[in-house]
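Dear colleague,

Please find the structure below for your records. My notes on it follow.

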Amino acid sequence: MDLNADLGEGFGIWRLGDDEALLDLISSANVACGFHAGDPSTMHRVCAAAADRGVAVGAQVGYRDLAGFGRRHIAYDFAELRDETIYQLGALDAFCRLFRTRVRYLKPHGALYHAAACDEAQAAALVAAVSGYDHELPLLCPPGSVLAQLATGAGLRVVAEGFADRNYLPNGSLVPRTAANALVTDPEEVAVRAVRMATERTVVAVDGSVVPCQVESICLHGDTPGAVRCAELVRAALLDAGVTPTPFA
């Protein structure tokens with residue numbers, strides 16, 4: 001099972017989360033590419049640290065929306081979203097190459113992640129970007145989503161993702177971030193949920209029902225309160241359950 005986290009989400013002198021501490025615990029790093037967060041110096045620093053630890057780097061591409069942290073929906077023209085995705089991929093890949101590695105997968109961020117899960121036009125733009133840039137790049141996205149379906153149809157590898165620190169609705173979708181119970185903040189509960197995802201491929205929804213969760217990668221958000229403690233407990237719990245965090249790419 002892969003264990004991923006969103007990293008490099010600071011900007012300029014402002015830092016969000018403890019990237020270095022999380023890189024000691026995870027197997028894949030979703031690195032912001034400068035549109036929703038991040039900047040060249042941050043990308044350089046995180047790529048260097050990831051390469052030093054053998055952590056796979058993925059491009060976490062987002063809307064061009066620093067002020068909204070990429071969590072506000074934007075209606076994009078197909079070609080513009082395709083090209084801005086390629087632009088972000090190329091920027092991060094340049095820093096990876098400094099350390100004799102490369103971008104190993106793509107994951108949409110925030111509002112783009114949710115839009116591509118159900119919006120065929122935005123999902124198609126992401127698929128076109130990956131297909132044109134590097135057909136071997138996997139796409140990390142929700143299982144059964146529109147993005148997953150279009151990517152599979154285009155011959156791309158799809159890696160299904162679950163969230164140990166987010167609550168789920170009975171239909172298998174995430175509780176919206178606008179809701180009070182969107183996040184799971186108790187580190188011990190997050191660890192229990194991660195082990196369940198890894199061993200039983202299920203998750204308990206907010207109404208207590210058990211929902212299938214067939215995933216290959218578990219995400220922890222770097223900006224969640226207590227993210228490092230969560231990652232420590234999740235990694236330890238997975239190892240205790242006989243599951244070694246390993247990059248999927």
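In which hand, left or right, does helix 2 pass helix 3? The crossing is right-handed, the near helix being turned clockwise from the far one by less than a right angle. This is a predicted model in which local features need pLDDT of at least 70 and side-chain atom pairs pLDDT 80 or more, while totals for chains, interfaces and linings use all residues. Residues are numbered from 1 along each chain as its sequence is written, and side-chain values use heavy atoms, without hydrogens and water.

Helices here are DSSP runs (H or I, at least four residues), numbered from the N terminus. The axes (lines fitted to C-alpha atoms over the stretch in contact, with angles from 0 to 180 degrees between N-to-C directions) of helix 2 (residues 40-53) and helix 3 (residues 78-97) come within 9 Å and cross at roughly 45°. Helix 2 is therefore oblique to helix 3 (angles under 35 degrees count as roughly parallel, over 145 as roughly antiparallel, 65 to 115 as roughly perpendicular and the rest as oblique). Pro40, Met43, His44 and Cys47 of helix 2 contact Leu92, Phe95 and Cys96 of helix 3, with contact meaning heavy atoms within 4.5 Å.

Helix 7 (residues 187-200) and helix 8 (residues 227-240) have axes that come within 8 Å and cross at roughly 40°. Helix 7 is therefore oblique to helix 8, and their crossing is right-handed. Among the residues that meet there are Val190 and Ala194 in helix 7 and Leu233 and Ala237 in helix 8.

Yours sincerely

Methods: Helices (H or I, at least four residues) and strands (E, at least two) are DSSP runs, numbered from the N terminus.
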